[in-house]
Amino acid sequence: MPKKGGKHAEMGKETQCKRAKLEAASSPPVLNFESPDSLFGSLISPIKEEVFFREYWEQKPLLVQRNDPLVAAYYLSLFQLPDLKELCSQGLYYGRDVNVCRCVNGKKKVLNKDGKVNYMQLKKDFDQKKATIQFHQPQRFKEELWKIQEKLECYFGSLVGSNVYITPQGSQGLPPHYDDVEVFILQLEGEKHWRLYKPTVHLAREYNVESEDRIGNPTHEFILKPGDLLYFPRGTIHQADTPLGTSYSTHVTISTYQNNSWGDFLLDAIPGLVFDTAKDDVALRTSIPRQLLMQVNAADSAEKLSGLLRRLAERLEVTRELRSADMKRDFITHRLPPCLGCDSGSLVPGGKLPKIDSQIRLQFRDHAVITVEPDPENAVSTVKLGLGWAVPAMGLALVKGWCSYTWLDPASHEAQGWLFLSLLPWQTHGLRFPLSYLEALKQIWSSSTVHVKELNLSSDEEKENLALSLWSECLVEVL
């Protein structure tokens, strides 16, 4: 699910703000953006969250046919075919931003040209060749989709991607296939005929095309109309076409949980567990047998490895420390920033300065995370408190002031750490804190609000300086 690509499209901030306000004024209150939980609950309504995760998540498809004109009108505002004309004028490229394809005899035929997308040529392929237009990551240009995906990333704790598919009548863009992501489909324009099939690989880890003679009869067959929602787990085989009599169909797929399984987590976390355990357990520091790496089959060492794995399991049961490194870093550095629209005031220090009697709270709480990971240079563990996200690569110019990443990194046993903040992707500077500040930072991270004087530091001066430092970097606000 790529989140980057290309340069920022130059769009006037004033125009963006006016457009955002107009859209907000005209949009019905279909989705509840108060919190990640409320957003997801309203997205799958009237299905309850507990029912969804008990009966559908990773188990079977869910079809919600609403027949609600308010929901249909709201979904229509998320993306429409005419939006492509304006977007093409901003500089879209084949492959990176747009794919043009059609399913022919059970195979995907790609009809991309080279270089920039010309809207007239794109429309010609759409009308005459009955080609499907696949538009990648539309949240780069549509603020409402950005808001939805950002809240879903907070809700799932996993990256969320999206694609828009526009298919003319009597045509199909993709052959039967399954994906390696959990998929939510919102029908925006027209109608789409869907057929779902029993998975050949349950909870698949990769994308794959399946032949018609292998998949059998559909387990589900239905028509999606504007305002309808469809969910199906990764591995679900599916194909969809636009029926005759419908000028075209537009839907957006919102996908998540790619490479986010227990297996992926163990692959990510076990190296750290081995690293830490080997410091205390001499059995893990003894040499492997001579010529083990020269053998074709190391089965003779299976018993030894099984014993070592049991020792790791025993340590884990005692310490209860199993932490992610690369997975968490990837999530933090590629997730979407909070969508503030035209209100970027929280990116600039303002209001009262924090004092010893002040009450403060962490800004962008849903984007805060603590990581603990090995530091190869010092052979010790590092602790990081971070706010991190990716700057959307194109579209809304008002995002240029967003942080690309923020790290607090007490990285050495000499009690020195760094807090990194980047207001622009190419600018970084840091603040240094002693490792003794860690508990105070955990207080700020874990509490809805905290009084500066109650921070876990030895002196009032340290407490006030910490609050002031974080305030100056827009990480906390004074209440």
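Hi everyone, and thanks for coming. Please keep in mind that what we have here is a predicted model.

Which helices supply at least two residues each to its lining? They are α9, covering 262–280, and α10, covering 302–319. Of these, α9 gives the largest share of the lining, with 4 residues.

If you have the model open, you can find the lining residues of this second largest cavity: Ala269, Gly272, Leu273, Asp276, Arg315, Thr319, Glu321, Leu322 and Arg323. Sorted by class, that lining has 4 charged, 3 nonpolar and 2 polar residues.

Now let's move to the loop that runs between α9 and α10, where we find Ser301. Is Ser301 buried or exposed? Its relative accessibility is 12%, and because anything under 20% is classed as buried, Ser301 counts as buried. As for its partners, once we set aside neighbours within four places in sequence, Ser301 is in contact with Pro289 and Leu292.

Cys88 is buried, with a relative accessible area of 9%. Cys154 also counts as buried, at 18% relative accessibility. And how many disulfides does the model have? The count is 0, taking a disulfide as a pair of cysteine sulfur atoms within 2.5 Å.

That's my tour, and I'm happy to take questions.

Conventions. Residues are numbered from 1 along each chain as its sequence is written. This is a predicted model: local features need pLDDT of at least 70, side-chain atom pairs count only at pLDDT 80 or more; totals for chains, interfaces and linings use all residues. Side-chain values use heavy atoms; hydrogens and water are left out. On a 1 Å grid over the protein atoms alone, a cavity is a set of points where a 1.4 Å probe fits but cannot get out, and a pocket is an open set with protein on both sides within 12 Å along at least five of seven lines; lining residues have an atom within 4 Å of a point. Ala, Val, Leu, Ile, Met, Phe, Trp, Tyr, Cys and Pro count as nonpolar, Asp, Glu, Lys and Arg as charged, and the others, Gly among them, as polar. Buried means under 20% relative accessible area, exposed over 50%, partly exposed in between (1.4 Å probe, protein chains only). Contact means heavy atoms within 4.5 Å.
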